[in-house]
Amino acid sequence: MIIFRNKNKYLLDKIEARNHTLSTLLIPMELNGDFQSLLEKYQGDLSIYLRFLLKRFRIITHSGLIPEPIKVKTEYQEKDQNLIRFNFRPTNADWVELGEIALAFGKSRCWLFVHLLKLDIAGMGSLLRKAKLSFGVPTLPNLELKIFWTLQRVREDFTRGYHVQV
């Protein structure tokens with residue numbers, strides 16, 4: 001077997017030159033009231049709330065407790081939810097983390113954010129704290145999240161996944 005790999009590495013300090021660029025999340029209308037209430041705790045700053053959700057639910061996202069992909073193509077939010085557009089300026093690191101986890105599970109960033117939002121609304125963070133599982137995944141400098149896809153066209157086999165190395 002011959003393996004070709006793109007070993008280009010992109011250093012964050014070079015990428016960070018354009019940190020906090022404009023990004024968009026789409027929130028279903030039915031969650032807007034709860035979302036606004038939760039957002040108030042973070043002075044209305046969606047970028048801070050995104051970082052909080054990624055950190056609070058890292059034990060869930062990094063242990064694979066996100067619904068499995070149901071198709072090869074990216075899964076987006078359901079139609080007819082009257083989605084509300086929220087523009088904000090997240091850090092590149094948070095936006096990349098959200099995107100990589102979404103990619104690993106075949107979801108869009110908006111889908112994943114709304115999933116984390118629903119967990120927060122349901123009080124899952126409190127349950128994790130009571131179970132002593134909150135903030136359970138260390139964020140050490142050597143933490144690596146590697147996303148991979150495997151496509152075997154002859155066998156019509158497709159795999160997506162990720163590996164968390166601490």
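1. Apart from neighbours within four places in sequence, Leu46 is in contact (heavy atoms within 4.5 Å) with Leu25, Phe35, Leu39, Phe86, Phe88 and Phe113. The model is a predicted one, in which local features need pLDDT of at least 70, side-chain atom pairs count only at pLDDT 80 or more, and totals for chains, interfaces and linings use all residues. Residues are numbered from 1 along each chain as its sequence is written, and side-chain values use heavy atoms, with hydrogens and water left out.

2. Leu46 also belongs to the largest nonpolar core, which has 33 residues; Phe35, Leu46, Tyr49 and Phe113 touch the most other members. Such a core is a set of buried Ala, Val, Leu, Ile, Met, Phe, Trp, Tyr and Cys residues joined through side-chain atoms within 4.5 Å. At least two residues of this core come from each of β1 (23–28), α2, α3 (46–56), β2 (83–88), α5 (92–104) and α6. Helix α6 provides the largest share, 8 residues. In soluble globular proteins, nonpolar side chains tend to be buried together.

3. Helix α3 is mostly covered, with 8 of its 11 residues buried. Here buried means under 20% relative accessible area, exposed means over 50%, and partly exposed lies in between (1.4 Å probe, protein chains only). The buried residues of α3 are Leu46, Ser47, Tyr49, Leu50, Phe52, Leu53, Leu54 and Arg56.

4. The axes of α2 (residues 32–40) and α6 (residues 109–121) come within 11 Å and cross at roughly 80 degrees. Helix α2 is therefore roughly perpendicular to α6, a label given to angles of 65 to 115 degrees; those under 35 count as roughly parallel, those over 145 as roughly antiparallel and the rest as oblique. The axes are lines fitted to C-alpha atoms, for helices over the stretch in contact, and angles run from 0 to 180 degrees between N-to-C directions. On the α2 side the contact is made by Asp34, Phe35 and Leu38, and on the α6 side by Phe113, Leu117, Asp120 and Ile121. These residues divide into 5 nonpolar, no polar and 2 charged. In this division Ala, Val, Leu, Ile, Met, Phe, Trp, Tyr, Cys and Pro count as nonpolar, Asp, Glu, Lys and Arg as charged, and the others, Gly among them, as polar.

5. Arg109 is also part of α6. Its relative accessibility is 31%, so Arg109 counts as partly exposed. Leaving out residues up to four places away in sequence, Arg109 touches Leu25, Trp95, Leu98, Gly99 and Ala102. Of these, Leu98 is 11 residues from Arg109 in sequence, and the C-alpha to C-alpha separation is 6.2 Å.

6. Gln43, in the loop between α2 and α3, has phi near 55 degrees, a positive value in a residue other than glycine. Asp80, in the loop between α4 (58–61) and β2, is likewise a residue other than glycine with a positive phi, near 60 degrees. Gln43 is exposed, with a relative accessible area of 70%, and Asp80 counts as exposed at 80% relative accessibility.

7. As for the chain overall, the protein has 7 helices and 4 strands, in the order α-β-α-α-α-β-α-α-α-β-β from the N terminus. These are DSSP runs numbered from the N terminus: helices are H or I with at least four residues, strands E with at least two. Of the 166 residues, 35% count as buried. Among contacts between residues at least 6 apart in sequence, 77% join residues at least 24 apart.
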